[in-house]
Amino acid sequence: MPRNAFDVEGARRIVDLGYPAIEPVHRDMIQAMRVAESPAADVFTDYFAEIGTPGAPAVAEGLHREDCWLRHRLFTRVLPAWPDAALSSLRDILTLVATQPDAYDNDVRCLELLARRDLAEVDWLAQWLQFKRARWEERNDLLNRAADVIQQVKQANTPNP
């Protein structure tokens with residue numbers, strides 16, 4: 001495995017061995033992809049985007065993790081590159097992720113992916129989208145209230161000349 005997040009050469013040496021030789025380290029590669037701003041993780045991300053179905057078990061495990069950055073990499077760079085057959089093998093975990101709140105909007109990205117690839121019932125997707133939109137409105141109200149309180153505190157703490 002690479003020495004650190006910037007060891008692109010180490011990551012490339014692994015990827016250059018190719019599938020199936022590196023299948024035993026797929027999990028470790030997925031684990032390395034959780035690091036933001038990592039060129040070594042980018043090498044692994046590109047590998048999983050290209051390999052498709054053989055990478056599905058490790059990607060599924062990555063989707064099960066509570067790591068929003070890893071999921072973000074998977075939803076923005078890996079899964080959109082996969083053929084429908086490879087994605088269909090992940091249908092169960094994708095429908096689970098779609099129902100969970102997630103930073104970086106991974107849950108909404110998942111809803112979109114499921115719809116684009118026709119991997120879930122459209123009415124079910126529409127209901128989840130409606131639910132998430134209502135939660136967003138509540139969250140936006142909460143954000144506005146917090147902003148108001150912060151502004152009030154700032155004004156109260158600002159000395160008058």
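By contact I mean heavy atoms within 4.5 Å. Helices (H or I, at least four residues) and strands (E, at least two) are DSSP runs, numbered from the N terminus. This is a predicted model, in which local features need pLDDT of at least 70, side-chain atom pairs count only at pLDDT 80 or more, and totals for chains, interfaces and linings use all residues. Residues are numbered from 1 along each chain as its sequence is written, and side-chain values use heavy atoms, with hydrogens and water left out.

I begin with helix α1, residues 8-17. Its buried residues are Val8, Gly10, Ala11, Ile14 and Val15. Buried here means under 20% relative accessible area, exposed over 50%, and partly exposed in between, with a 1.4 Å probe and protein chains only. Viewed down the axis of α1, the buried residues fall within an arc of 165°, so they line one face of the helix; the arc is that of the directions from the helix axis to the C-beta atoms. The cover over these buried residues includes α2 (26-32) and α3 (39-51). On the face of α1 turned away from the buried side we find the exposed residues Glu9, Asp16 and Leu17. Just after α1, Gly18 has a positive phi of about 75°.

I turn now to helix α8. Which of its residues are buried? They are Asn106, Asp107, Cys110, Leu111, Leu113 and Leu114. Seen down the axis of α8, they too fall within an arc of 165°, so they line one face of the helix. These residues pack against α5, α6 (84-88), α7 (91-99) and α9.

Helix α8 (residues 106-116) and helix α9 (residues 122-157) pack at an angle of about 160°, with axes 10 Å apart. The two are therefore roughly antiparallel, a term for angles over 145 degrees. Their contact is made by Asp107, Val108, Leu111, Leu114 and Ala115 of α8 and by Trp124, Leu125, Trp128, Leu129 and Lys132 of α9.

On the α5 side, consider His72, which lies in helix α5 (residues 68-78). His72 is buried, with a relative accessible area of 15%. Leaving aside neighbours within four places in sequence, His72 is in contact with Tyr104, Asn106 and Arg109.

Finally, α8 is followed by Asp118, whose phi is positive, near 55°. Thank you for your attention.

Note on methods
Axes fitted to C-alpha atoms, helices over the stretch in contact; angles between N-to-C directions. Parallel < 35°, antiparallel > 145°, perpendicular 65-115°, else oblique.
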